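Here's a quick walk through a protein model, from the overall picture down to a few side chains. Have a look at the sequence and the structure first.

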Amino acid sequence: MRLPRPLATLAIALMLAACATATPPDTRTPARLQLRLAPAALGQSISLQQHLTVEREGRTDTLDTALEIDADHLDLVGLAFGQRVMTLHYDGRELQVWRHVMLPKQVQGDDVLQDVQLTLWPAKAIKDALPAGWELRENEGQRTLLLDGETIAVIDYPDRKAWGGKVILTNLRYQYKLTIQSVVTTE
C-alpha cells in the first residue's frame with residue numbers, strides 16, 4: 001500500500017528532522033552523537049502519547065507517537081493521519097527500525113532514538129555516555145548539547161518536566177525545532 005503524496009511529504013518532514021542534512025551542505029564536523037543509552041538508564045517505566053510539531057525551513061508539520069519505555073526496551077510508533085510511518089524497538093543492544101517505504105533514506109532510527117534520549121533520560125546518564133568533544137550542560141528548565149564548544153542543540157522544558165508536558169528541542173546544526181507535547185498514559 002502506498003501513502004498518498006501529502007502523507008508521504010508530511011512523514012518525510014516530520015520524522016524528527018534530525019536525519020536530514022543542513023542546506024546548503026554543512027562542511028563542519030558531523031554532529032551525529034550516536035547516543036544509545038540502555039532503557040534501564042531512564043530509571044523508570046513510562047508510557048506516553050506525544051504530539052510532535054516540527055518547524056523547518058518555514059514549514060510546520062505534525063506527527064503523533066506512542067512511546068513505551070521500561071527497563072528492558074523502548075518502543076516508539078510514529079503515526080501520520082492514523083497510519084504507521086515508523087516503528088522503533090530498542091532493547092539496549094540492538095535497534096530495530098521499520099519505516100514506511102515512502103520515507104526517505106535520510107530518516108534514520110538512530111537520530112530519532114537520540115532525540116528521544118536527549119529529551120527524556122537523566123542528564124547524568126547522558127553525560128556519562130558522551131564521547132570526547134561532547135558536553136551536556138543543564139540549567140533549570142534547559143539542556144544544551146555542545147560539540148567542541150559549539151552549541152548543537154538546546155532543549156527547553158517550559159513545564160519543568162521531561163514528560164507529561166511540553167519539551168522544545170532546537171537543533172541549531174541541522175536547523176529544525178521540534179516541539180513535543182506529551183501526555184503520560186501510565187507510569
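This is a predicted model: local features need pLDDT of at least 70, side-chain atom pairs count only at pLDDT 80 or more; totals for chains, interfaces and linings use all residues.

What percentage of the 187 residues of the protein count as buried? The answer is 47%, with buried meaning under 20% relative accessible area, exposed over 50% and partly exposed in between (1.4 Å probe, protein chains only).

## Ground rules

Residues are numbered from 1 along each chain as its sequence is written, and side-chain values use heavy atoms, leaving out hydrogens and water.

## The overall picture

The protein has three helices and 10 strands; these are DSSP runs numbered from the N terminus, with helices being H or I of at least four residues and strands E of at least two. Going along the sequence, you get α-β-β-β-β-β-α-α-β-β-β-β-β.

Take the contacts (heavy atoms within 4.5 Å) with a separation of 6 or more: 52% of them come from residues 24 or more positions apart. The accessible surface is about 9,300 Å², and carbon and sulfur atoms own 50% of that. Those areas come from the Shrake-Rupley method with a 1.4 Å probe, and for residues only the protein chains shown count as cover.

S3 covers residues 74-80. Leu74, Leu76, Gly78 and Ala80 make up its covered face, whereas Asp75, Val77 and Leu79 sit on the uncovered one.

On one side, S3 runs antiparallel to S2 (residues 59-69), with six bridges joining them; strands pair if DSSP finds at least two bridges between them. Ile69 has Leu74 as its bridge partner in S3, and four residues lie between the two strands of this hairpin. S3 also runs antiparallel to S4 (residues 83-90), this time through seven bridges. Here Val77 has Thr87 as its bridge partner in S4. S3 and S4 form a hairpin with two residues between them, and Phe81 in the turn has a positive phi of about 55°.

## Two arginines worth a click

Which arginine lies in strand S7 (residues 142-147)? That's Arg143, which counts as buried because its relative accessibility is 6%. Its side chain reaches the backbone oxygen of Trp121 at 2.7 Å.

Arg84 lies over the face of Trp98, at 3.9 Å from the ring centre. For that call, NZ of Lys or CZ of Arg must be within 6 Å of the ring centre and within 35 degrees of the ring normal.

Notes: A polar contact is a pair of N or O atoms within 3.5 Å; within protein, one must be able to donate a hydrogen and the other to accept it, and residues adjacent in sequence count only if both atoms are side-chain atoms.
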